[in-house]
Every structure is written in structure tokens, then in C-alpha cells.
Amino acid sequence: MTIENWQEYGFDTRAVRAGQERTELGEHGEPIFTTSSFTFKSAAHAAARFSGEEIGNVYSRFTNPTVSIFQDRLAALEGGEACVATASGMSAILSVCLALLKSGDHLVSSRSVFGTITVLFNKFLPRYGIQTSFVSLSDLDAWRQAIKPNTRILFLETPSNPLTELGDIRALADLAHENNCLLVVDNCFCTPVLQQPLKLGADLVVHSATKFLDGQGRGVGGAVVGAKHEVDEEIFGFLRTAGPCMSPFNAWIFLKGLETLRIRLEAQCRSAQRLAEWLQQQPAVKRVYYPGLQSHPQHELAKAQQSDFGAIVSFELDGKDQAWRVIDQTRLLSITANLGDVKTTITHPASTTHGRMSNEEQQAAGIRGGLLRVSVGLESIDDIQADLARGLE
Ligand SMILES: *Cc1c(COP(=O)(O)O)cnc(C)c1O
């Protein structure tokens, strides 16, 4: 029996089962279809598949059964009609832009997006006649004022990296729709476990599957979720032509990741909350950025649009020397820029992820030398605290 409407099932059931259709071999686990092309029963059968008269697999740049399971499962979790998987998070965002925008169009983006996205918007899209204005994520008036007659997309990531600032998805969706624009939300930090932007009015969700969806640092991938018209027609149309598709092996890794996503994130959020509260009590720590703290300026918005507060905790020390000392005193934490892993990672944004920004840009964005970002994993929280305490003393 094939289940048509996964929305009738609970989130956890969808996470484990949505999208799988067993072959006649009756395999229990999802198979990895490591094949580039598919064969046909006859010349006429091939012609029918190529013309689209019969729906089915032709070539793995277009569709692949393992990739399709991942796509259907993520769509079911985000509550979207359709999903396309991509080679990376960046290629998901590139595909959205190149499929939906044309020369002369304009985009408004939060200033606090993943650094590489800023490079894409600032350096590469202008070569194709697409301009971007950057605004403060939480300043609704700034978004309103930045919209021009040729604006087509509003783009944001919430909570932001590394300062955990929030954007009001519902308000921004209304603003986008009043102006005939699409709202695109990068849901990498929250995943559908904590936040479902489509339900708050967003039109498209993009993901870096590299982070929490995998959760175990095994592969690079991405996805776009949304309505059939944009995703299945426009974005998939671009993707099958341009080719930044997800490999079947990576799709299999990510769909295994989805099965445990909720219980991982719940445990990681619990530890992140404890870490944030503990950091607040450390004399060397000047400020802690975590939406789960009462002191977070958007704590109420976080409670309203997220089901929990996430696994990313940032905190500020006096300066770069103190921050580097904390990193260099760790024995357990991984010193890497990646996040969303079951292994806790620690990063100094000013010299790594945000290192290409000028001093003035860093100041404007609040990325100070003393700032550290921790992506909390699944280790015992006492051990994570002890590892940080050494450098904080
Ligand atoms: C990592 C990341 C991306 C880019 O994803 P890749 O898989 O590295 O291409 C996009 N958005 C956010 C929020 C990210 O953290």
C-alpha cells in the first residue's frame, strides 16, 4: 500500500517512513540506487519516458529513487508539496536564484546570512544583472524600505549565525506577499523539528543537509522545499538542466539522518540551554547569545515561532586573545567551522567563517574578536563545560 497523505501521520512517523516505496524484493531498509541511468523495456517505452508521457526514472541527474525518498521525506517533514535535493546547501540557494530570477530583478536579504551566501549575492549574481540589498534581520521597517518595484525575493536565515538574532517569519511573509515577492527561509539552524517556515507563510525553505539533517558530519548536500509550481516546475527544471544534483549515496545518508533528527535535536537543545545558562555565570563571559535565555531580546518571538531554541550558543569574551585561549585549551571539542554535528564544535567567527569581512563590516555585524560559537553535540554536558572551563579560568 502506498501512503498518499503523510500529513495525517505524526512528525516522528514521517521522519522514519515517509517516501519509501519498497521494490518487489521487499527490502526493509531504503536501498541505494547507485546507477547513473535506467533501462527501458522497448524503444517505445524509452520514447514514452523521454517525452514525459510516462512518469519514471531516466537518468540520475533528473531523478533517482534513493534521492526521491529523501526528497519526499523532507517535504513531508517541512509540510511542503514538493522538494528537490541538491549537491550542497549553496547549490540549493543558487538554484532558487537562477530558476526564479532574471536579469534586472532585485533581492532583499538579511545581512546576517551564511557568509558564502553574501558572496554569491554580492559578487556573482550582479554579473547576471541581479542586485541585492542587505538589511538588518530584525528590522521590519528596513525590509519594507528596501523593497523596490523589481524585488522578487526576500531571503533570510533565522536564528542568525553566530549571534542568534531572529527574523519574524510571519511578518516577513506578509510583507513579501503584499509586494508580490516570495519569502525564502534558510531553515538550516532549526530544521523542521524546531521551525516550519512554510506553515508561517514562507514560500520556499532551503537547507544545507550538511548540518543537522545529516548530523554526523558525513556528507555535503542541500534541498529546496515548497509549492509544486516553484519547486517541481521552475527549480527542478533548472536543476535537471544545470546539474547540481544530490548523489544517491548522500541522499541515503541524509534520509538516515532524518530518522533520528528529532531525538538528536531535542537532546542537543537541552544541552545548549544548560551550557548557555552556565556560561552566563562565568565571570570571564561578557555576554551569551542564545534564544532560550530570558535575557535574549527576542526570547518571546523564539517561543512563538520555534518549538525549542536550537543547539548553537555564542558568547563573548574580552578579546581575541581570550577567545583563542579558550579554543586552544580544549581537548574534546572539535575546532572546526562546521556545525549541527553530534560532536560539539567550537569556532572563532572573526578569524574563520566571517574572516573575509573587513573590520568595519565585522563591527557593523557585531562579530567581535572575543566572540566564540559553539554548536552543541551529544556528549555529556558536564564534559563540554569542563572542556570550556579550562580556558575561561
Ligand atoms: C552551511 C550553510 C549553508 C551552505 O551549505 P553547504 O552545504 O555548505 O553548501 C547555507 N546556509 C546555512 C545557514 C549554513 O549553515
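**Exercise 1.** Sort the lining of the second largest cavity into nonpolar, polar and charged residues.

*Solution.* To check, go through the lining: Pro159, Thr164, Phe189, Cys190, Pro291, Phe309, Gly310, Ala311 and Ile312. A lining residue has an atom within 4 Å of a cavity point, and a cavity is a set of points on a 1 Å grid where a 1.4 Å probe fits but cannot get out.

This is a predicted model, with local features needing pLDDT of at least 70, side-chain atom pairs pLDDT 80 or more, and lining totals using all residues. Numbering runs from 1 along each chain, and side-chain values use heavy atoms, without hydrogens or water.

**Exercise 2.** Work out why the second largest cavity lies between domain 1 and domain 2.

*Solution.* Take the bounds first: domain 1 is 7–259 and domain 2 is 263–392, from an automatic or database assignment. Both give residues to the lining, so this cavity sits between them. Its volume, the space filled by probe spheres set on the points, is about 50 Å³.

**Exercise 3.** Describe the largest cavity and find which helix gives the most to its lining.

*Solution.* Start with volume: about 100 Å³. Next, count 14 lining residues, with Arg61, Phe62, Thr63, Val67 and Gln71 nearest the centre. They divide into eight nonpolar, five polar and one charged. Finally, helix 3 (helices are DSSP H or I runs of at least four residues) gives the most, three residues.

Definitions and conventions
On a 1 Å grid over the protein atoms alone, a cavity is a set of points where a 1.4 Å probe fits but cannot get out, and a pocket is an open set with protein on both sides within 12 Å along at least five of seven lines; lining residues have an atom within 4 Å of a point. Helices (H or I, at least four residues) and strands (E, at least two) are DSSP runs, numbered from the N terminus. Ala, Val, Leu, Ile, Met, Phe, Trp, Tyr, Cys and Pro count as nonpolar, Asp, Glu, Lys and Arg as charged, and the others, Gly among them, as polar.
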